[in-house]
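Please look through the structure shown here with its charged side chains in mind. The paragraphs that follow go from one pair to the next.

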Amino acid sequence: MPKKLLLLPPPSASSAFRVPRARPVPPPAMNAARTGYRVFSANSTAACTELAKRITERLGAELGKSVVYQETNGETRVEIKESVRGQDIFIIQTIPRDVNTAVMELLIMAYALKTACARNIIGVIPYFPYSKQSKMRKRGSIVCKLLASMLAKAGLTHIITMDLHQKEIQGFFSFPVDNLRASPFLLQYIQEEIPNYRNAVIVAKSPDAAKRAQSYAERLRLGLAVIHGEAQCTELDMDDGRHSPPMVKNATVHPGLELPLMMAKEKPPITVVGDVGGRIAIIVVWLYVIHVQRWHSWLLDDIIDDVESFVAAAEILKERGAYKIYVMATHGILSAEAPRLIEESSVDEVVVTNTVPHEVQKLQCPKIKTVDISLILSEAIRRIHNGESMAYLFRNITVDD
């Protein structure tokens, strides 16, 4: 075919005096630079979006437009109502009592953002679910590792969490995990809100919690006590491994193979190692506080779920002379009858952070107090988006914190 010719208009008389036009700038390469970030809430309930609103207010941003709801057949549906192409997306998901629904909301929203061409998808999960199932128990499974794989498959590229139940959980992920600490906020609460906190002693609810209790005692310049003996069964006391083949009577043993028998544990009666008489007792689980006749005792832990062991520890400290008891923890799940048990117990105050929504429990028990940790989460989001170091958020933080 003959080539088509294009006819150009004749040059005008003034064309010689025209300023040459600048060449058009080519469009930037796709995703060559950050175009911004958006913050979404993976749950549409008022209790769960409260933390997301606090974070966006500190960042000076608006909460991303999305719809998360359950259909009549129980399926979760997520709809993103704005463009996220080429942006850093932060999904805030607090875990209510319906854990499995919250997990599906997070997975489906992450996958929806991935298919919408988001640049990076960062999950802000203050309380990481299934973190207690991070070890093999007989013929069970390590569910926490399964969840880590599912999050990666859904499209998450980074996670911000707080006070993992076991720090080794970070090794389950194939992408970066920032495990922030709530201890600075809880220590600040003790110093500012606990009257006469200098007249206190930090108490570890079990020998397993002694290192964390010692860390708090050293930072607050307080004494240390440990509750030891029967009353609670810790994770370390559970059977590990699998019995395969099943144990049967008169089982045939290979001749000449005589393995030494592991003796069963037998705990002594519950006792308190250390002096709490006339003091404020602060029981340590990850953080748990207790008050005594001239001394306070505090109990510390990362998770308060089944409070019966805390109540039993508080009663022991009360018998030993503690006159006021505070309980402090990072994650206040407070499920089942926890609010009623706390209200009827000798515990004077339970202090938890807002990593988990517990507004309903606070209405049932006025002893429950909340410490806001949205400041450190919003700063983590800002630093990750700007590519800044996270070291500032871990100043003076040790392995035991």
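Which residue forms a salt bridge with R382? The partner is E388, and the closest N and O atoms of the two are 3.1 Å apart. The model in view is a predicted one. Side chains of opposite charge can pair when their charged atoms come close.

Another pair sits in helix α7, which covers residues 338-344. Here E344 and R340 form a salt bridge, with 3.2 Å between the closest N and O atoms. These two residues are 4 apart in the helix, which means that about one helical turn separates them. E344 counts as exposed, because its relative accessibility of 57% is over the 50% cut-off. R340 has a relative accessible area of 40% and is partly exposed.

A further salt bridge joins K81 to E79, whose closest N and O atoms are 3.0 Å apart. E79 is partly exposed, its relative accessible area being 28%.

Salt bridges can also be linked to one another. E50, R54, R58 and D372 belong to a network of them.

How values were computed. Residues are numbered from 1 along each chain as its sequence is written. This is a predicted model: local features need pLDDT of at least 70, side-chain atom pairs count only at pLDDT 80 or more; totals for chains, interfaces and linings use all residues. Side-chain values use heavy atoms; hydrogens and water are left out. A salt bridge is a side-chain nitrogen of Lys or Arg within 4 Å of a carboxyl oxygen of Asp or Glu. Buried means under 20% relative accessible area, exposed over 50%, partly exposed in between (1.4 Å probe, protein chains only).
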